[in-house]
Amino acid sequence: MAHWRMLLYGAIGGGLISLLTLYRFIQSKRRWPWRVKNGPTPALYLTGEAIRVVLGSLVAWGLAASGQLGALGAMIVGAGAPAILDKWQAMAPQLHSSEPPAPAPRPAGVPRGRESQEDLTAAKILEGGAQL
């Protein structure tokens, strides 16, 4: 399918989530988001929603360009783009931190470097706390 269509489907997915969010807010508060005390201005609200639509279209386009998505998949990815990007960011190495990661806690009463083989759980190995 054409790349511009994937951009459009992703934008539609992001727009649908924006509309759903606005609907739920209006239904629960019975007023516009910018009319609530300490709420965003209309321009700020619309900017945030426009960013959501752009993120949805770009993530859907990127995944569709690799041949992984069809039209419905692109809409779903567009709707979930903020969550997808949050997961990708969490999986990426922390480039802004110059400190090494904190060592994993060792069991009480066991001197450093004396952990038994049974203590080498998958969590310790994944955290980098176990040296093999």
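Predicted model: local features only at pLDDT ≥ 70, side-chain atom pairs only at ≥ 80, totals over all residues.
Residues are numbered from 1 along each chain as its sequence is written, and side-chain values use heavy atoms, with hydrogens and water left out.

The chain contains 5 helices and 0 strands, in the order α-α-α-α-α along the sequence. Helices (H or I, at least four residues) and strands (E, at least two) are DSSP runs, numbered from the N terminus. Of the 132 residues, 17% are buried, that is, under 20% relative accessible area with a 1.4 Å probe, counting protein chains only. Among contacts (heavy atoms within 4.5 Å) with a separation of 6 or more, 57% join residues 24 or more positions apart.

The axes of helix α2 (residues 42-65) and helix α3 (residues 71-79) come within 8 Å and cross at roughly 135°. Axes are lines fitted to C-alpha atoms over the stretch in contact, and angles run from 0 to 180 degrees between N-to-C directions. Helix α2 is therefore oblique to α3, as angles under 35 degrees count as roughly parallel, over 145 as roughly antiparallel, 65 to 115 as roughly perpendicular and the rest as oblique. Gly 56, Val 59, Ala 60 and Leu 63 of α2 meet Ala 74, Val 77 and Gly 78 of α3 in this contact.

Definitions and conventions:
Buried < 20%, exposed > 50% of the residue type's maximum accessible area, 1.4 Å probe, protein only.
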